[in-house]
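Opening the notebook on this one. I want to go through the rings, the sheet and the core, in that order.

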Amino acid sequence: MTDVSWYGVRCVFRHHHLDVYEERVTLWTARSLDEAIARAETEAREYCEMLDAVEYVNFAEAFRIGEVPGEGVEVFSLMRESELPPGEYVRRFFATGDERSG
């Protein structure tokens, strides 16, 4: 791929003092998925340097955005195979009761 596209990249961090994990999605322009991840991982390490006791756990996944970001544009998507019913799926992966957002 030689054209520049927008990518959303999700990186995972461990905040040791808060005893929580954080998932951050950042937006990047890049010529490939690998380039977007590399740029996001560089920023992830800089993010950790600015904070106390925060570690990048070396997990990143990217999503190519099909258009220029703006209102209502999908910036990240992840599909997971599961035979769980909807309520149980949400409780298992998203609404465990331990989330902090904001």
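This is a predicted model: local features need pLDDT of at least 70, side-chain atom pairs count only at pLDDT 80 or more; totals for chains, interfaces and linings use all residues.

How many aromatic pairs does the structure hold? I get five. For a pair, I take rings of Phe, Tyr and Trp (its six-membered ring) with centres within 6.5 Å; planes under 30 degrees apart count as stacked, over 60 as edge-to-face and the rest as tilted.

Residues are numbered from 1 along each chain as its sequence is written, and side-chain values use heavy atoms, with hydrogens and water left out.

**Rings**

I looked up Phe13 and Tyr56: the ring centres are 5.6 Å apart and the planes are at 50°, so I log this pair as tilted. Phe13 is in strand β1 and Tyr56 in strand β3, 43 residues apart, which links distant parts of the chain. (Strands are DSSP E runs of at least two residues, helices are H or I runs of at least four, and both are numbered from the N terminus.) Both Phe13 and Tyr56 are buried, meaning under 20% relative accessible area, with exposed over 50% and partly exposed in between (1.4 Å probe, protein chains only).

Next I checked Tyr89 and Phe94, with centres 6.0 Å apart and planes at 50°, so that pair is tilted too. Tyr89 is buried at 18% relative accessible area, whereas Phe94 is partly exposed at 46%.

Ring pairs also join Tyr47 to Phe13 and Tyr56 in a cluster. The charged end of Arg24 sits over the Tyr47 ring, 3.8 Å from its centre. The cut-off I use there is NZ of Lys or CZ of Arg within 6 Å of the ring centre and within 35 degrees of the ring normal.

**Sheet**

What order do the strands take in the open sheet? I read β2-β1-β3, three strands with antiparallel pairing; pairing needs at least two DSSP bridges. Strand β1 (residues 5–15) is joined to β2 by 11 bridges, and Trp6 has Thr29 as its bridge partner in β2.

**Core**

The largest nonpolar core has 14 residues, and Val9, Cys11, Phe13 and Tyr56 have the most contacts inside it. (Core: buried Ala, Val, Leu, Ile, Met, Phe, Trp, Tyr and Cys joined through side-chain atoms within 4.5 Å.) Its largest share, six residues, comes from α1.
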